[in-house]
Amino acid sequence: MMTAQDATPDKNPALIAGPALKVSNLHVSRNGREVLSDLSFSVASGEVFALLGGNGAGKSTTLLTCIGLLPPSRGDVFVLGTSPSQDPEVVRRSLAYLSETATLYEHLSARENLRYFLDLAGNNASAAAIDEALDTVGLQPEARDQRTGSFSKGMRQKVAIALAILRETPVLLLDEPTSGLDPVAVEEFNQLLNTLRNRGVAVLMVTHDLFGACEVATRVGLLRDGRLVASFSATEDRNGGRAHIDVDTVRRAFSAPEAV
Amino acid sequence: MNAFKNFRREAGLFLRSRTPIAALGLLCILVTIAVLLGQAEVLRQQASIDRVQELDSIEREAALAGAPDFGDAAYAAFFLTWNPPSDSAFLAMGQRDISPWMLRVRALALEGQIHETDNFNPELSLTGRFDYAFVIAFLLPLFAIVVMYDMVSAERDAGRIPLLAASVGNVRKLWIIRAAVRMSGLLLACLLPLWLIGIFIGTSAGSLLSVSLIVVAALLVWSAFILLFSFQSWSSPVIATSLMGVWLMLAIIIPLGGKLLVDRVIPDVDGAQISLLQRESVNDAWDIPKAATMERFYVSHPEWANTPPVTLPFHWKWFYAFQQVGDESAAELSSAYRAAIAQRDRLTGWISLVSPPVAVQRVMQHVAGTDVQASLAYDQRIRAFHERLRRYYYPFLFNEMPYRRELLTDIPEFASNE
């Protein structure tokens, strides 16, 4: 007979069948200050959830806690039913992370960076697969063997996105992914995100870009002082177009002094 | 297999970093220079010993052949004593830089002969020699700091830790592999030139292995310090500065403070004082009645007490008796001198427990046979040989035998392992 102790999240089918990412009553403190306070949300497979918030709202802290780099003081995070505090290794193998600054090794080329981080993740992607991913993100072939130290921020971001694609993880965490990208690159990135969403990847994106979030997300949450104060789901366009979130509605809620 | 693959991946990444690789290259060059300089010094010392050994017997034979009596023969014939360098002496010259490793003695008072060279090489006793032990004790920690200090902080400063964590799963394992890669690089830089040159010049595998273990131990100790600081959530400059402070404390301040403590707790006996005391006693003998000198000599050498009294203004047996009485006058001070050296060495041993560089030098000098104990052992071998030499001449002198060269058939000769 199964006891309560046996029902660990990674073994419990009921939990795995739930949302790909679940944040439950999360409290996180940093340097003695509570940064996240009773934060709860979930992201299902094939969903892009954008957490909107100003500086210091707790956006990046949320991602770091999901990766297991910050321990929660209360509450927990579950990635495919497993908590990073219980088994960070399993959790981290289930997710890919893209930072705002695309922190690649500057003394390595784009290909070498991808090879290194894929090896690190135990992924044996072929050279052809790497080239295909770089094609997908639109990195010019002549740039692929150049040191990434000479890359623009947009080019570095493309390499980091290619890495996220190649990881083929069910959960993708994005920290300000379009920050510093030119409009064309942003458009390409949004298309890519749609592709990943259609493949069933659960995407959690933190950003302060209201328009970008409404454009690409299926759901938007407003984070203020570590609390989720409002959330909005995409609705069908009257003309039968793609589901989207109304920017004005979110903007009003974003500007409101109290939670909606 | 997985561990090897991980190691190879991290080694590949490390080999692409310019600064640490340049540092390892420089360390490798310094190690090579230190080993070669040490070996050059050992070859110089061995060549000196060989050359002097050859000339020593020629000169002695000439002295003995031309001597009119046994007293003159004992006076003129020098005997070489030497402390040959071990096969690993080139790694740590130690006491060979400041204590004699070759000394020609004769049957006269010994203390003056032994301490004649006490001020032979004061500048090396102050600065030390640039040998392998110096590189491992004092420079390896600095290179280890350069190569390892920002292993974690550089990733943190670049904001790469979340990406690494999301990729590797267990970041702690990654740090361990990266530390292992860096330590392997440092070991390679320290050991490869040593083994190549060591095997080429015929150093025993045992000595090379012992020294290699010391290098590994030193690197482990320093790596522990560096990793302890590296894992703090400090910036790279703060970590580097803190580690430099630790190096300064362990490599400079503690050894200097230890030296002051040793000087205060166990004051050094000046070797020149021993020479002076012995020579004053010898000189005084010319002004006091000969019977008084002979009486003192017979106390320690009663077997000659019944020989005829000295009646002439000069007699060799009286001359050699006051030489020995001179040594006996300085014996207490001489013994205190050696005891003080041994005590100072023991206290330095305790201090080395809190100073890895001092500990490394001491252990390497022990392996190389160039430590204080080896130096004192050579001193004892000289004393033992000198006693054999004196006692060899005494029957000829005290029995007042007429000189014939062919009677000196089995003259004692110094053996370096006696």
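This note goes through a predicted model with chains A and B, point by point.

1. Basis. The model is predicted, so local features need pLDDT of at least 70 and side-chain atom pairs count only at pLDDT 80 or more, while totals for chains, interfaces and linings use all residues. Residues are numbered from 1 along each chain as its sequence is written, chains are lettered from A in the order in which they are written, and side-chain values use heavy atoms, with hydrogens and water left out.

2. Chain A. This chain has nine helices and nine strands. Both kinds of element are DSSP runs numbered from the N terminus: helices are H or I with at least four residues, strands are E with at least two. Of the 260 residues in chain A, 51% are buried. Buried means under 20% relative accessible area, exposed over 50%, and partly exposed in between, with a 1.4 Å probe and protein chains only. Contact means heavy atoms within 4.5 Å. Among contacts in chain A between residues at least 6 apart in sequence, 68% join residues at least 24 apart.

3. Interface, extent. On the chain B side 25 residues are in contact with 23 residues of chain A. The buried area between the two chains is about 2,200 Å², and carbon and sulfur atoms give 57% of it. Buried area here is the accessible area (1.4 Å probe) that two parts lose on being put together, summed over both.

4. Two salt bridges are found across the interface of chain B and chain A. The rule asks for a side-chain nitrogen of Lys or Arg within 4 Å of a carboxyl oxygen of Asp or Glu. Glu89(A) and Lys173(B) form a salt bridge, at 3.8 Å from N to O. Between chain B and chain A, eleven residue pairs are in polar contact, both residues being at pLDDT 80 or more. A polar contact is a pair of N or O atoms within 3.5 Å; within protein, one must be able to donate a hydrogen and the other to accept it, and residues adjacent in sequence count only if both atoms are side-chain atoms.

5. Helix 1 (2–15), helix 8 (161–168) and helix 9 (171–201) of chain B are the elements that give two or more residues to the side touching chain A. Helix 8 of chain B gives the most, with eight residues. By class, this side of chain B has eleven nonpolar, five polar and nine charged residues. Ala, Val, Leu, Ile, Met, Phe, Trp, Tyr, Cys and Pro count as nonpolar, Asp, Glu, Lys and Arg as charged, and the others, Gly among them, as polar.

6. Nonpolar cores. A nonpolar core is a set of buried Ala, Val, Leu, Ile, Met, Phe, Trp, Tyr and Cys residues joined through side-chain atoms within 4.5 Å. The largest core has 156 residues, and those touching the most other members are Leu173(A), Leu193(A), Leu204(A), Tyr132(B), Leu186(B) and Met364(B). Leaving aside neighbours within four places in sequence, Leu204(A) is in contact with residues including Leu21(A), Phe41(A), Phe49(A), Cys66(A) and Leu173(A).

7. Salt bridges in chain A. The count over all chains is 30 salt bridges. In one of these, Arg144(A) and Asp131(A) meet at 3.2 Å, N to O. Arg144(A) lies in the loop between helix 5 (127–137) and helix 6 (153–167) of chain A and Asp131(A) in helix 5, so the pair ties together parts that are 13 residues apart in sequence. Arg144(A) is buried, at 4% relative accessible area, whereas Asp131(A) is partly exposed, at 22%.

8. Salt bridges in chain B. Glu111(B) forms a salt bridge with Arg383(B), with the closest N and O atoms 2.8 Å apart. Because Glu111(B) lies in helix 4 (residues 110–114) and Arg383(B) in helix 17 (residues 372–398) of chain B, the pair ties together parts that are 272 residues apart in sequence. Both Glu111(B) and Arg383(B) are buried. Glu406(B) and Arg404(B) also form a salt bridge, at 3.3 Å from N to O.

9. Gln324(B) sits in helix 14 (residues 316–329) of chain B. Its relative accessibility is 9%, so Gln324(B) counts as buried. Leaving aside neighbours within four places in sequence, Gln324(B) is in contact with Phe297(B), His301(B), Arg390(B) and Tyr394(B).
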